[in-house]
Each structure stands twice: as C-alpha cells, then as structure tokens.
Amino acid sequence: MADETLLDKVHDLSDLELAALICFVAQEHCIIDTEPDALDDLVQELELVASKVFGLSHAVIDCSEQTSLDDFAHAILSVESVPTRSNSPVRTRSDYFLHTPAFTSISRSPISDTFADNKTIANVIIAKNLDEAPRQVQIQALELMRTKRIYTRTSVQNAPKRFLFIALLAGGDGPRLTKHLNDYMFISHFHDPEDGFPNLEDIYDDGSSISSVVKKSPIQEPDTLDATISAADIDHLTELSHHTTVSVEVKQYQQNIISFLRLHRAVAGGISAPATKHFDKLTRCLAPLHDLSYATPSLVDLAARKVYLHRVQIVKAEKERSMQWGSDLDAVATLLEGIGAEDVIEDVLGTAGAETPL
C-alpha cells in the first residue's frame, strides 16, 4: 500500500499530471487530445508538468507534413551538463542536423565543437500534431519508443530510464496515427480546455514568463529536488502495481469487455493483443493510486475507457457485418451515423456491466 503522503500528492494532481504519472509507473507512452485552439497552451502546460511536477528535461517538436527525420532527431536531443566552457568563440554546432523552424527543444543555443557530442534524449518528448508527420517520422517515433535509442550519423543516443513520449493531437476520435504506432500507445486522454491549465495559470498569476520557467540553459540540469513526484515515488508505485491482485471474477469481467468490443457491430478493428496487454497493465497500475492492493470492476471500466479510446475503429456502413445477410445500406448508415469510439466503449461497458462481479 502507498503511504498517506504519497497518496495525498497523487490526489492533488491534475488530469494531465496524473496521465503522465500513470505512464511513468507503467513505463509506457500516451496520446493527449484537446481542442485545436488550446493546443499551444497544452504544450506549455505539459512542459511545466515535466519540469515542475517531475523535475525532468523535456523537448517539443511541432510536426507537419514537411517534418524530416533530421528535424525529428535534432528536436529530441538536448545538451547534457558539461564542464566549464573554454575561451574559444561560441559557434554553431557542426553536426549534420539542420536548424529549421519546425521544431523547438529545451536547448536551442549554439554550442562549440567541444560540446557537440554532449547530447542526450530528453526525458519527456512532446510531439505536437504527430498525426500530421510523414509516415517515416512516425515509424522513427515508434522505433524510439520500442528500442529507447536513436541513431545519428556519428553516434547512438539512448533514452534515459525515465522516458515518456507524448503524442499531442487536436480533436478527432479513433485511430489517427500509423497502425503500429497507434497500437503501441498505452493510453489516450482528452483534456477539456475548460478544465484549465493550472501550472500555466500559476506562472501568469506570479507575473513570470513561461520561458523563464520551462527553458533550461545548456549547462543546467532539471531540478529533481523540487519535484512534486520523485523518482522514488514512481518506483514505489511501479513495485506496488506488480503486486496488484486480480481475482478470477475480475479477470473474467475484463475478458467479457474485450469480447464484446470485438463483436460490437460498429467496430471494424483495433481490439488487438497489445491492447489486451495494456488493458490488464493499466488496471494493475490504477490500484495503488486508489490505495488498493487489488483490482476492482470500476478500475477495469476506467482502464477500458483510456486504453481503447484511440484504438476502436468504426466500421464503414458497407462493411458492417449484417450487410452480408441483406441489410439495407441506408438503414445501416443511419444506425452508424454519429457513433464514435467513446459511444462504443460506453455501450459495451453498459452491456458487460450487467454481469459485473460483486
């Protein structure tokens, strides 16, 4: 069981901070959605979450159709803490990456050749509009998450132990990333702008600028001592999640939800084996956050909403299975009109809920 101090800190977290914490505990990655107009504010809020709440370095890449592999690799690399600079003039780094306006990261100052190799992957990578990036960039992002390393022409850069990749998207429903990248994402969460941006609002209330808080100089390390959630806290919650008990009845309830999702007439796909693995993993991770050593049906419901929201693919009317038996196309199209992933999940939970274990 988590101690009271840690639980109090967890309960004080915002929805975005809690989503990040869950991913750190599970050692997975996530998708965060919001309204298009709030996307820039959400980027700044997530930067503050990384630096203030977890005391970690971060990098932001603003993706578009023009984003190249070089842009992506350059944006996620930051400069490590290095010795005192020499008296040689500061000049532009002479590596092969190009400086373009398509990305930003925590260190943009030019550095001398002496420090050209002092690069490391940031702890938290925020990929804005990743769904707009070319396929090869999305594949590179998947490879980074899977192997926790990225190759340059001169070296291999390894991701830090505490590593989180956030795909930041604007609106929409269902799968929007390439198939395997989408399936690799642990959870998805929609942040309603009306829920606010607490860290960003605190900065503005204090009269500070966002850049003075989230931007780090090339020789500065993140201040982990002032972090709200420490590495020890995350490790403790991870250990507790490994010991979460899932009864036979709760496991059967999980399997019922998976079966009903696969058989739902509006679902074309997305209920994959990796999704099932993530479903079970999230259920176990949620238990210690609620001061429980076992999984409950309510935690299973919550896990289903977060794991399958970005995975459920809505079938096209002409592909709906009843069309094989002579259903009217217009009638099926009317039935499916307006149905999204969230509607399907709620329908399944309502159906499976009739057999919820007590």
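# Briefing on a predicted protein model

At 1% relative accessibility, cysteine 63 counts as buried, where buried means under 20% relative accessible area, exposed means over 50%, and partly exposed lies in between (1.4 Å probe, protein chains only). The structure is a predicted model, in which local features need pLDDT of at least 70, side-chain atom pairs count only at pLDDT 80 or more, and totals for chains, interfaces and linings use all residues. Residues are numbered from 1 along each chain as its sequence is written, and side-chain values use heavy atoms, with hydrogens and water left out. Helices (H or I, at least four residues) and strands (E, at least two) are DSSP runs, numbered from the N terminus.

- Cysteine 63 belongs to the loop that runs between strand S2 (58-62) and helix H4 (69-76).
- Leucine 16 is part of helix H2, and with a relative accessibility of 1% leucine 16 is buried.
- The C-alpha atoms of leucine 16 and leucine 42 are separated by 9.4 Å, and the two residues are 26 residues apart along the chain.
- Valine 267 is located in strand S11 (residues 267-269) and is buried, its relative accessible area being 9%.
- Between the C-alpha atoms of valine 267 and glycine 340 there are 9.6 Å, while the residues are 73 apart along the chain.

**Salt bridges**

- A salt bridge is a side-chain nitrogen of Lys or Arg within 4 Å of a carboxyl oxygen of Asp or Glu.
- How many salt bridges does the structure hold? There are twelve.
- One of them joins the side chains of lysine 281 and glutamate 28, with 2.9 Å from N to O. This pair links distant parts of the chain, 253 residues apart: lysine 281 is in helix H11 (residues 273-289), and glutamate 28 is in the loop between helix H2 (15-26) and strand S1 (30-34).
- Lysine 281 is partly exposed at 26% relative accessible area, whereas glutamate 28 is buried at 8%.
- Another salt bridge is formed by arginine 176 and aspartate 33, whose closest N and O atoms are 2.7 Å apart. Here too the pair links distant parts of the chain, 143 residues apart: arginine 176 is in the loop between strand S9 (164-170) and helix H6 (179-184), and aspartate 33 is in strand S1.
- Arginine 176 counts as partly exposed at 22% relative accessibility, and aspartate 33 counts as buried at 7%.
- Glutamate 143 and arginine 146 form a salt bridge in which the closest N and O atoms are 3.5 Å apart. About one helical turn separates these two residues, because they are three residues apart in helix H5.
- An α-helix has 3.6 residues a turn, so residues three or four places apart point the same way.
- Asp40, Asp62 and Lys128 are linked in a network of salt bridges.

- In H1, the residues Leu6, Leu7 and Val10 are buried. They lie on the same side of H1, because they cover an arc of only 100° around the axis; the arc is that of the directions from the helix axis to the C-beta atoms.
- Glu4 and Thr5 are exposed on the other side of H1.
- Glutamate 4, placed in helix H1 (residues 4-11), has a relative accessibility of 53% and therefore counts as exposed.
- Asp3, Glu4, Asp8 and Asp12 gather in a patch of negative charge on the surface. Patches are made of residues with over 30% relative accessible area and no salt bridge, like charges being joined within 9 Å and nonpolar side chains (Val, Leu, Ile, Met, Phe, Trp, Tyr) within 5 Å.

**Positive phi values**

- Most residues other than glycine have a negative phi.
- Asparagine 129 has a positive phi, near 55°. Its place is the loop between strand S6 (124-128) and helix H5 (135-147), and asparagine 129 is buried at 11% relative accessible area.
- Lysine 148 also has a positive phi, near 60°. Lysine 148 lies in the loop between H5 and strand S7 (149-151) and is partly exposed at 30% relative accessible area.

Conventions
Areas by Shrake-Rupley, 256 points an atom, 1.4 Å probe, with all protein chains shown as cover. Lys, Arg positive; Asp, Glu negative; His and termini not counted. Charge placed at Lys NZ, Arg CZ, Asp CG, Glu CD.
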